[in-house]
Amino acid sequence: MSSRPRFPARLATWCIGLSLGLASVASATPPEADTLGLDYIHRIVVGEPVCDTCTARVCPGRPVRVTVSGMMPVGCVSFRGFYIPKIAPFNWILADFVVDTCGRACPAAIAPFTATVELPVPPPAAYHTFTLITQVRTCPDTNAIAGTKQHEIVYVVEPTCFEPPPLDSLLRSLVAFRVVPEPRCVNDSISIQFMTNGCPPCVDLQSLVLDPTAGLQASFSWRPGCIELVCMPETLSVPVRGLAAGFHQFVATVDAHVLGTPVADSVVTFREDVVFEISRICDSTQVGCVLPVLEHVSPVVVPGLLCAVEVPASGRGEFTLFTRTQVPLGGLQGRLECPDPFIVTELAAPPGNPGIHVSWAREGNGARYVLFTTGGAPIPAGTSPVLAVTVICDSGAKPGMRVVMAAPLEVASGPAGERVPLCDISRIRFAGIFLCVSGQVEACDVNHDGHADVRDLVLMTTCL
């Protein structure tokens, strides 16, 4: 079945739909309006922010980025594409949906979606328009367009998009964190370093402390407008001990003392995440292998405290799984073993990875899948996102319940189709991927299985 209308054969259908007034045109509506009168699309953003805290703007000499987002029912509505038709009489952008309710009811669960397309570079400093059109195709003939709606968007190309960065962003750029050595293994002496980012003038590092409860505490001073003729990089270091293999995150609170201002000792505080990996594969005799399981890269300081996803009963959740490989990969084949009360409902390529293609089939609550790369861009050596997973939670699930999903690999392929061996890590214990039911937990549910019973009592007496 085709996901795009066939022009010009479909052109008559478009023109009839538009002339009958199926669309609601509101040229004065701003690009980020919440009420658009479009099927499933709730928000449109035109342009890009020029800084972390800036609003989206259309800059001269750059393509016009158009981003849509919204909600749609899980399972019965599919978002098939967001693109510019190749043959059209107007400046159109098309969003294509398919509704499949033949022989089944549409579930109550809904899912968010987002998509982006770029318009050609327009002339600068002028008003421009485009028409966003949603088309909905329904079963049994999903090649036929059942209905269309449209919304006209007016935007302006700014004469210039220069905007000075906020002080927060400027101060962040003066310093950096680094974890040494690289790569890291379980028995290595690991340190977190606080360092000047290059040689910024008149930046002096003052302290770096690792507090067991507050995390990393760092401070530095900076005198704006000052000039130093000699590059003098600085580094402070603090040791980190007792960490197991896997991914870890420390939250660093940084106090930047800005000197020479009218306000004495002006302090700007910001936070930085320091994320690093302690490798499970440190055996030099194993060369060119891939970790035999996919993992969820959690910002965990103490393993097991956080979940890959927290989903309320009757709700939906998403998370991304990663592979760790010593060599580039062209594809992976494996399965997801998902226990009750969770069910895998969708597998897809991770956001921002258009070169990965995923084919999958339901297997019990879990799934089997094959993923492969195209376009000459293999999965690089190291740690990479490879699989976006969507799960739903049964309506009878108890808040606080936590289960473990396994994601074993079966076959790994190199970019040329060569077989890549799975690393022998039989001596290493994997905790798995924790899926959790959110909500108010019973006070006596010590083991977080959703029930307060004799097992919780045994655990409590063990603690005493």
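In this predicted model, Cys393 is buried, with a relative accessible area of 4%. Cys393 takes part in no disulfide, and the nearest cysteine sulfur, that of Cys338, lies 9.6 Å away.

The structure holds 4 disulfides, among them the following.

| Disulfide | S-S distance | Torsion about S-S bond | Handedness |
|---|---|---|---|
| Cys102 and Cys139 | 2.0 Å | about 105° | right-handed |
| Cys289 and Cys423 | 1.9 Å | 95° | right-handed |
| Cys307 and Cys436 | 1.8 Å | -70° | left-handed |

Cys307, in the loop between strand 16 and strand 17, is linked to Cys436 in strand 26, 129 residues apart. Cys436 is buried, with a relative accessible area of 5%.

Cys289 is buried at 4% relative accessibility, and Cys423 is buried at 5%.

Cys102 is partly exposed, with a relative accessible area of 41%, whereas Cys139 counts as buried at 16%.

An open sheet of 4 strands has the order 5-6-8-9 with mixed pairing. Strand 5 (77-83) and strand 9 (145-156) each have a single partner strand, so one side of each is without a neighbour in the sheet. The twist averages 15° from one strand to the next. Strand 6 (residues 92-99) pairs with strand 8 (residues 127-138) in the parallel sense over 8 bridges; Val99 stands opposite Thr138 in strand 8.

Technical notes:
Residues are numbered from 1 along each chain as its sequence is written. This is a predicted model: local features need pLDDT of at least 70, side-chain atom pairs count only at pLDDT 80 or more; totals for chains, interfaces and linings use all residues. Side-chain values use heavy atoms; hydrogens and water are left out. Two strands pair if DSSP finds at least two bridges between them. Helices (H or I, at least four residues) and strands (E, at least two) are DSSP runs, numbered from the N terminus. Axes are lines fitted to C-alpha atoms, for helices over the stretch in contact, and angles run from 0 to 180 degrees between N-to-C directions. A disulfide is a pair of cysteine sulfur atoms within 2.5 Å. Buried means under 20% relative accessible area, exposed over 50%, partly exposed in between (1.4 Å probe, protein chains only).
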